[in-house]
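Dear colleague,

I am handing over the structure we spoke of, and below it you will find an account of what turned up when I went through it. Please read it with the coordinates open beside you.

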Amino acid sequence: MKYYITVFLLSLGFLLSGYKQVAKSSDLTSPWSKSSDKTSKSNRSDKDEDEDEEDVHEDGDLTLREIKVINKALNSPKYYGFLLSEYDEPKYIDWNEVFYIGAGLSEVKRTASIEEAYLDETGNMEVIADLTILSADDIKDFVKKTTGLSYSKMRNPLDWVY
């Protein structure tokens, strides 16, 4: 299980960090390798070298920039809910935890008809808690985007009122 979380976090980090390797026809060596072309290095400014050093992976550890990007993403409403439960595979994610605070999705405007439908479905006389109102299509798109699986494949679907 921890393996999948580690892979997820590393993948997320690389996606969010904005990495892009630009290959030049005159420079076929990796920008992360220790041996590089001296002439191409001498043509770069000190500022460019400092920016490159921040992205160097000589020992496999994450750079400070990557750690900040991952930390910011995981503490955002969009991804925070994924950290609230444990699961071995994406299909076992507890979607009640992920969507508890909305997962960064735009909420549907609360209207009298939505509130009435909610009360009819639950049998309550009044709304006694905050309502997180999300579009079913937005939920399905979010699940597909974050897991690569369709919502119908999930083993722990939302137990919310639809």
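Helix 8 has 12 residues, and from its first C-alpha to its last it reaches 16 Å, which is close to the 16 Å expected at 1.5 Å a residue. Its buried residues are Ile139, Phe142, Val143, Thr146 and Thr147. Seen down the axis of helix 8, these buried residues fall within an arc of 100 degrees, so they line one face of the helix. Asp137, Asp141 and Lys145, by contrast, are exposed on the other side of helix 8. As to the ends, serine 135 caps the N-terminal one, with a side-chain oxygen 3.2 Å from the backbone nitrogen of aspartate 137, while glycine 148, just after the helix, takes a positive phi of about 85 degrees.

In the protein, helix 8 (residues 136-147) has the highest confidence, at a mean of 94, whereas helix 2 (residues 38-42) has the lowest, at a mean of 43. The mean pLDDT of the protein is 75, with 64% of its residues reaching 70 or more. Over residues 19-46 pLDDT stays under 50, and for that stretch the model has 19 contacts beyond four places in sequence. Where pLDDT is low, the predicted coordinates should not be read in detail.

As for the overall make-up, the protein has 8 helices and 0 strands, and of its 162 residues 20% count as buried. Among contacts between residues at least 6 apart in sequence, 62% join residues at least 24 apart.

Threonine 147, which has its place in helix 8, deserves a paragraph of its own. Its relative accessible area is 17%, under the 20% cut-off, and it therefore counts as buried. The side chain of threonine 147 reaches the backbone oxygen of valine 143 at 2.6 Å, and that side chain also reaches the backbone nitrogen of leucine 149 at 3.0 Å. Not counting residues up to four places away in sequence, threonine 147 touches Pro90, Ile93, Trp95 and Met154.

Tryptophan 95 leads on to the aromatic residues. Which residues form the aromatic cluster? Tyr79, Phe82, Trp95, Phe99 and Phe142 form one such cluster, and Phe142 is also one of the buried residues of helix 8. With ring centres required to lie within 6.5 Å, the count comes to 5 aromatic pairs. The rings of tyrosine 79 and phenylalanine 82 have their centres 6.3 Å apart and their planes at 35 degrees, so this pair is tilted. Both tyrosine 79 and phenylalanine 82 are buried. Phenylalanine 82 also forms an aromatic pair with tryptophan 95, this one edge-to-face, at 5.8 Å centre to centre and 80 degrees between the planes. That pair links distant parts of the chain, since phenylalanine 82 sits in the loop between helix 5 (77-80) and helix 6 (95-98) and tryptophan 95 sits in helix 6, 13 residues apart. Phenylalanine 82 counts as buried because its relative accessibility is 4%, and tryptophan 95 counts as buried at 0%.

Tyrosine 80 lies in helix 5 and is partly exposed, with a relative accessible area of 35%. Leaving aside neighbours within four places in sequence, tyrosine 80 is in contact with Leu74 and Ile101. The C-alpha atoms of tyrosine 80 and tyrosine 100 are separated by 9.9 Å, the two residues being 20 apart along the chain.

The other is alanine 103, found in the loop between helix 6 and helix 7 (112-122). Alanine 103 has a positive phi of about 55 degrees although it is not a glycine, and with a relative accessible area of 1% it is buried.

With best regards

Note on methods
Residues numbered from 1 in each chain as written. Heavy atoms only, no water. Phe/Tyr/Trp six-rings, centres within 6.5 Å; stacked < 30°, edge-to-face > 60°. Buried < 20%, exposed > 50% of the residue type's maximum accessible area, 1.4 Å probe, protein only. Helix = DSSP H or I, 4+ residues; strand = E, 2+ residues; numbered from the N terminus. pLDDT = per-residue confidence, 0-100. Contact = heavy atoms within 4.5 Å. Expected span 1.5 Å × (residues − 1). Arc of directions from axis to C-beta. Polar contact = N/O pair within 3.5 Å; in protein donor to acceptor, adjacent residues only side chain to side chain.
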